[in-house]
Amino acid sequence: MKTYKRRIVDELLERKLQGKGAVLIEGPKWCGKTTTAKQIAQSLLDLGNTPVLRDALETYQILPMALLKGKVPRLIDEWQSIPELWDMVRNEVDNRGDTGQFILTGSSVPADKEKMRHSGTGRIGRLTMRTMSLWESGESTGTVSMKELFDGKGIEPQENTLDLEQVAFILCRGGWPQATFMKGDVALDQARDYYETIYKVDIQRVDNSRRNAERTRLLLRSYARNLAMPISFSKITADIKENDNASISYETVSDYIDALKKLHVLEDAPAWNPNLRSKKAIQSSETRYFVDPSIGAAALGVGPQDLINDLRTFGLLFENMAVRDLRCYADALDGSIYHYRDSGGLECDAVLHRRNGSYALIEIKLGGIDNIEKGAQTLLTLANSIDTDKMPAPSFMMVLTAVSKYAYRRKDGVFVIPIGCLKT
């Protein structure tokens, strides 16, 4: 029997339920939302089960409030199948006047938002759940804590146990919980199956709109070619025409990307806008990422050995994996992940900015002395450009690598941390 692997969201969910009448957990299919919610739920309405959904729809017509009856917290899985449940939960939270009543999980935005009259503000809290970080899947030793780095604690050199081949495999397998219990090609198959389901099935169901599977496949492939770049929709349109010799309009690209975001397949990074000493313009375009790097690998049709043979592609997909992990850790630190780029060409791969105003500057590299040095110099240059009279200096600077023998602190203060050593 599989053992449940603790998730970062577990503690966040418990905290949210103490302060809200209901909590909505959003995220991609197969990321573990229902399994995590079941760890704390005391009753279940599983609308992802077709017979249960059919019965629930009949019950809704006759005695709708019966759907909310059960021990609390009551889990309503795939709640968007009956969008009216949103307002029912909100009203019932008001009537009961107590916290921790309901957990809602959903893998897409409801097709018919008009059936939701209220936002749920003050009654329904929200949590975003992603695929597993390496710390959650058990592949990071967790010897370096992001929280402790923010607290100003140093580190002793910590050995990294992951090599490049292992990182390539983990990347292509993805952080899908079920896949972390599997090995070899069977584990890799899970991400490929997920990718095919996206463009063949899910894209048709997200909002009851007819979309073309082949166009969706080409769009996902273009996204994968342009990972970690602030590429516009018009450039994605041109990229598909140039590389795949396919005709597609800007409007179609925009519509399909919107649908894929509703499915939590794409998760772009917004621009970070610090106070600078210089007059350089800061680029505001979002940087393109998948919610999990394995989707990009599947879209490109590459496996672990292909990445070893093509380090440029490996680097882009690794950045996506690193950003995924950083987002998981940022959630626990009450922060968000941003990307920095200015008109002078200075760029920082990730900025973890917390709600309390503290932040960390992070460059992401596969490894290698020269690349680490380049990343460190980028971080120091950006840190020196920030006007510390108007905002604090960074809490720390870090080059996050796929492989390095050790996690350590350089003489200039920049940390070099392999992803296989990191945790919240």
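Predicted model: local features only at pLDDT ≥ 70, side-chain atom pairs only at ≥ 80, totals over all residues.
Me: How do you know whether W79 and W86 are buried or exposed?

Reply: The relative accessibility of W79 is 4%, and that of W86 is 0%. Buried means under 20%, so W79 and W86 both count as buried.

Me: Why is the pair of W272 and Y359 called tilted?

Reply: The ring centres of W272 and Y359 are 5.1 Å apart and the planes stand at 50°. Since tilted pairs are those that are neither stacked, under 30 degrees, nor edge-to-face, over 60, the W272 and Y359 pair is classed as tilted.

Me: What makes this pair of W272 and Y359 a tie between parts of the chain?

Reply: W272 belongs to the loop between α11 (250-262) and α12 (293-300), whereas Y359 belongs to strand β10 (residues 359-365). The pair therefore ties together parts that are 87 residues apart in sequence. W272 is buried at 4% relative accessibility, and Y359 is buried at 0%. Elsewhere, ring pairs link W30, W176 and Y194 into a cluster.

Me: What places the charged end of K5 over the ring of F181?

Reply: The charged end of K5 is 4.6 Å from the centre of the F181 ring, and the distance limit for such a placement is 6 Å. R354 likewise lies over the face of F150, at 4.8 Å from the ring centre.

Me: Why is α12 called mostly covered?

Reply: Eight of the eight residues of α12 are buried. They are P293, S294, I295, G296, A297, A298, A299 and L300. What covers them includes α7 (164-173), α8 (184-205), α9 (213-225) and α14 (311-332). After α12 comes G301, with a positive phi near 70°.

Me: How do α7 and α14 meet?

Reply: The axes of α7 and α14 come within 11 Å of each other and cross at roughly 60°. Their crossing is left-handed. On the α7 side, L164, V167, A168, I170 and L171 meet L311, F314, L317, F318 and M321 of α14. An α-helix has 3.6 residues a turn, so residues three or four places apart point the same way.

Me: How do you know that C31 is in no disulfide?

Reply: A disulfide requires two cysteine sulfur atoms within 2.5 Å. For C31 the nearest cysteine sulfur, that of C328, is 9.4 Å away, and C31 is in no disulfide. C31 is also buried, with a relative accessible area of 0%.

Me: What makes R211 a buried residue?

Reply: The relative accessible area of R211 is 5%, and the limit for a buried residue is 20%, so R211 is classed as buried. R211 lies in the loop between α8 and α9. Neighbours within four places in sequence aside, R211 is in contact with I203, Q204, V206, D255, Y256 and A259.

Me: Why is A56 called buried, and what does A56 touch?

Reply: A56, in helix α3 (residues 50-62), has 3% relative accessibility and therefore counts as buried. Not counting residues up to four places away in sequence, A56 touches L47, L67 and I82. A56 and D46 are ten residues apart in sequence, and their C-alpha atoms are 9.4 Å apart.

Me: How do you know whether D325 is buried or exposed?

Reply: D325 has a relative accessible area of 1%; this is under the 20% limit, so D325 is buried. D325 is found in helix α14. Leaving aside neighbours within four places in sequence, D325 is in contact with M132, S133, L134 and I419.

How values were computed
Residues numbered from 1 in each chain as written. Heavy atoms only, no water. Buried < 20%, exposed > 50% of the residue type's maximum accessible area, 1.4 Å probe, protein only. Phe/Tyr/Trp six-rings, centres within 6.5 Å; stacked < 30°, edge-to-face > 60°. Helix = DSSP H or I, 4+ residues; strand = E, 2+ residues; numbered from the N terminus. Lys NZ or Arg CZ within 6 Å of the ring centre and 35° of its normal. Contact = heavy atoms within 4.5 Å. Axes fitted to C-alpha atoms, helices over the stretch in contact; angles between N-to-C directions. Left-handed = near helix turned anticlockwise from the far one by under 90°.
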